[in-house]
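Student: I am new to this structure and would like to learn how to read its features one at a time. Could you take me through them slowly?

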Amino acid sequence: MGQLRERMDEDMAMRGLSPNTRKTYLQCVGVFVRWFKRSPRELGAEHVRAFLLDLLRVKKRAASTIATYVGALRFLFFVTLRRTDLCFADLPRPKIPMRLPTVLDVAEVAKLLGAISSLKHRAIVMLAYGSGLRVSEACRLRVDQIDSARMVIVIREAKRGRERHTVLGPRLLAALRAYWKAVRPKGPYLFPSARAGTAAPTMTRAAVSKALKMAVAAAGLKKRVSPHTLRHSFATHLIEGGTDLRTVQVLLGHASLPSTTRYIHVTAARVASLVSPLDRLAITNEAITTEAITR
């Protein structure tokens with residue numbers, strides 16, 4: 001399995017899959033192999049079907065989790081093993097329900113930032129919210145990616161290998177400079193790992209999640225907040241402020257506009273500004289009330 005794992009990782013790297021996707025797919029394949037205790041070369045579509053049904057019916061995994069397993073196993077069999085004899089068309093793949101992303105309002109973001117005492121943790125949370133970065137992008141940010149002359153942040157090695165620019169506001173720049181002057185991080189990364197000699201050279205997503213969880217509790221927020229909530233809030237607040245969807249799409253690094261349009265559904269200010277068709281009717285409230293009484 002060691003050689004096959006290495007080959008699959010190389011195949012994913014050559015196709016431009018992100019480090020996070022590669023890690024997730026390898027973990028999924030590892031679970032699949034351990035479940036059967038056999039080489040994937042000895043397994044086929046019926047084995048994959050039985051495995052996915054177990055995830056769905058016995059382990060009660062979410063539809064999004066099963067979809068990730070399907071993607072990982074498709075890549076393993078079709079790309080790495082080059083198995084043209086398999087048909088995945090009938091595999092169980094439950095529909096992923098559309099759920100609106102959790103978004104903090106402006107007051108909640110301010111309260112959250114006020115509850116963070118660590119300069120490092122506040123800086124990375126402000127970065128995720130202030131520039132709309134994915135947590136992995138924030139963790140791996142290099143000092144040379146911050147262009148203070150043009151007030152932009154250059155995101156390299158992003159999802160699917162796309163490079164983009166995003167906004168660098170004066171308040172975020174001041175926070176990053178204050179953090180850098182206080183900590184003086186060594187090396188190219190702005191947020192290096194706190195533990196010397198670890199495999200991860202930078203702060204991990206798990207560390208950011210833990211720090212954010214503590215801040216949410218300290219701030220007394222009742223919403224379920226993850227690092228990605230900060231990115232959702234960034235996009236939503238931009239749209240509420242009048243930024244067009246195409247610009248938000250570019251800042252977020254979305255491949256298609258539909259990925260960005262879902263934020264329209266959670267913009268409370270936009271919904272509140274709309275006029276109901278009922279209120280456009282050419283009748284008065286008194287007329288409606290009178291008609292209801294007479295009936």
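This is a predicted model: local features need pLDDT of at least 70, side-chain atom pairs count only at pLDDT 80 or more; totals for chains, interfaces and linings use all residues.

Tutor: Residues are numbered from 1 along each chain as its sequence is written, and side-chain values use heavy atoms, with hydrogens and water left out.

Student: How many helices and strands does the secondary structure of the protein chain come to?

Tutor: Helices (H or I, at least four residues) and strands (E, at least two) are DSSP runs, numbered from the N terminus, and the protein chain has 14 helices and three strands. Of its 295 residues, 40% count as buried, where buried means under 20% relative accessible area, exposed over 50%, and partly exposed in between (1.4 Å probe, protein chains only).

Student: Which side chain of opposite charge is nearest to Lys 120?

Tutor: Lys and Arg count as positive and Asp and Glu as negative, while His and the chain ends are not counted; a salt bridge is a side-chain nitrogen of Lys or Arg within 4 Å of a carboxyl oxygen of Asp or Glu. Lys 120, in helix α6 (residues 119-131), is buried yet has no salt bridge, and the nearest side chain of opposite charge is Asp 144, 17 Å away. Contact means heavy atoms within 4.5 Å, and, leaving aside neighbours within four places in sequence, Lys 120 is in contact with Tyr 179, Phe 191, Pro 192, Ala 194 and Met 203.

Student: Which element gives the largest share of the lining of the second largest pocket?

Tutor: Rolling a probe the size of a water molecule over the atoms shows where empty space is left. On a 1 Å grid over the protein atoms alone, a pocket is an open set of points where a 1.4 Å probe fits, with protein on both sides within 12 Å along at least five of seven lines, and lining residues have an atom within 4 Å of a point. Helix α2 gives the largest share of this lining, four residues, and Pro 19, Asn 20, Lys 23, Arg 140 and Ala 200 are those of the 14 lining residues that lie nearest the centre.

Student: Where are Lys 60 and Met 151 found?

Tutor: Most residues other than glycine have a negative phi. Lys 60, in the loop between α3 (45-58) and α4 (63-80), has a positive phi near 55° and is exposed at 63% relative accessibility. Met 151, in the loop between β1 (146-147) and β2 (152-155), also has a positive phi near 55°, and Met 151 is partly exposed at 26%.
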